[in-house]
Amino acid sequence: MPASALCNLRVPLAVVAHDAGAANLILGWIRELPPTHLRLCASGPAKRLFSSAFPDLALLPIATVLNGAAMLLSGTSGPRSDLEHEARKLARARGLPSVGVIDHWVNYAPRFTRAGETVLPDELWVADAHAAALARRTFPGYPVFEQPNRYLENLAETARAASQPHPGRTHVVYALEPLHSDWGQGGVAGEFQALDYFLEHAPLLGLPADSLIRLRPHPSEPREKYSGWLAARNDPRFSLDEGGTLAEAIGWADWVVGGESYALVAGLAAGRHVVSTLPPWAPACRLPHPEIRHLREISAEAALAAPTLVAG
C-alpha cells in the first residue's frame, strides 16, 4: 500500500482493539465508513469507545469477527490483552491482509510477542514522524506507513474551542497512568512516586501556590485508585477529574503534566504548557517531543543555581 493507504482500506473491514490509544486512532480513520462495512471486536477501554462511536453495531467475538472480512485492522496493546495478537494469528492463518496500528512511542517489539510467539501484521501504521522513525528502527525493512492523526487533530481543536478564561487561578491537569515499576523504591508504584515528586517540586515551575490541580486517571485505571492519595494529602488544590473527555480536561487546563502519557502530546497540540513529572531515579521519559519540559531537569538546574554555603 502507498503512504496514502487509508484510501485502500478493504471492506468488509474487521477491527480489533483493546487499549484506548490505538482505538482512538482507528476511530479517526473509520468513523465515516458505513457501519455495514465494519466488523468490530473490542475489550478493555476500546469496548466503550467503539460502542459509543457505533451504538447500533454489535461487537463480535474474536472467533467470528474475521468471518466475511476482507482485511484486519488491529491495535497493538501491551501485555494487558492478547486479543489483537490472537486476531493477527487468525488473519495470517486465513490469508487475510493485516495491519497493526502502533500508538504512542514505547515498547514496540514486545507488542507483537506473546509466550515467545511473535506475530507481525503485513504492515504497520503509525500517526506521526517520531513513531514512524522508531518503528523503522525497531523493524528494519518492514512496511511502515505514517497516517494522518485525525484523533489528535480533532482533540486539539475541541480543547481549544472549550477553553474558558479563568483570571486569577492557574489550572493544571495531571494525566495519570500506570507506570508498571517501583524503580527499586520499596514497592511504591511509579505513578505515585511521580505524583509525590510533582507535589514537592511544582514551585520550580512557577505555578502559583493556589493553582487548581485535577488528577485524571488513565482509561485503564479505576477512578478510586487515587482516592487514598488525595485523602492522605488533604490538599484543597487537588481534586479528581470528573470524568469528561480528554479534550474537555485539556480545554479547562493551562498546564498538562504527567509521566509519559499520550495526554502530554495532546496538551502540546492544544498549545498548553507541558511537563513530564518522572523523578530522577526513574528511566527517562520516552516521549520524543522536544517541546516537553522535564521536571527533573528543571530541579537539577535549580540545584546547580542555588548558592553554596561555605562553613566558616
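## Strand S9 and its partners

Strand S9 and strand S10 (residues 212-216) run parallel and are joined by 5 bridges. Strands here are DSSP E runs of at least two residues, helices are H or I runs of at least four, and both are numbered from the N terminus; two strands pair if DSSP finds at least two bridges between them. Opposite Ala175 stands Arg216 of S10. Between S9 and S10 the chain passes through helix H6 (residues 190-201), in a right-handed β-α-β crossover (clockwise from the first strand over the helix to the second, with the strands pointing away from the viewer).

S9 also runs parallel to strand S12 (residues 255-258), with 4 bridges joining them. There, Trp255 is the bridge partner of Val172.

## How the model is read

This is a predicted model, in which local features need pLDDT of at least 70 and side-chain atom pairs count only at pLDDT 80 or more, while totals for chains, interfaces and linings use all residues. Residues are numbered from 1 along each chain as its sequence is written, and side-chain values use heavy atoms, leaving out hydrogens and water.

## An enclosed strand

Because 5 of the 5 residues of S9 (residues 171-175) are buried, the strand is largely enclosed by the rest of the structure (buried: under 20% relative accessible area, 1.4 Å probe, protein chains only). His171, Val173 and Ala175 point one way, Val172 and Tyr174 the other.

## Two domains

An automatic or database assignment gives domain 1 (13-148) and domain 2 (153-305). Their centres, taken over C-alpha atoms, are 28 Å apart.

Key
Buried means under 20% relative accessible area, exposed over 50%, partly exposed in between (1.4 Å probe, protein chains only).
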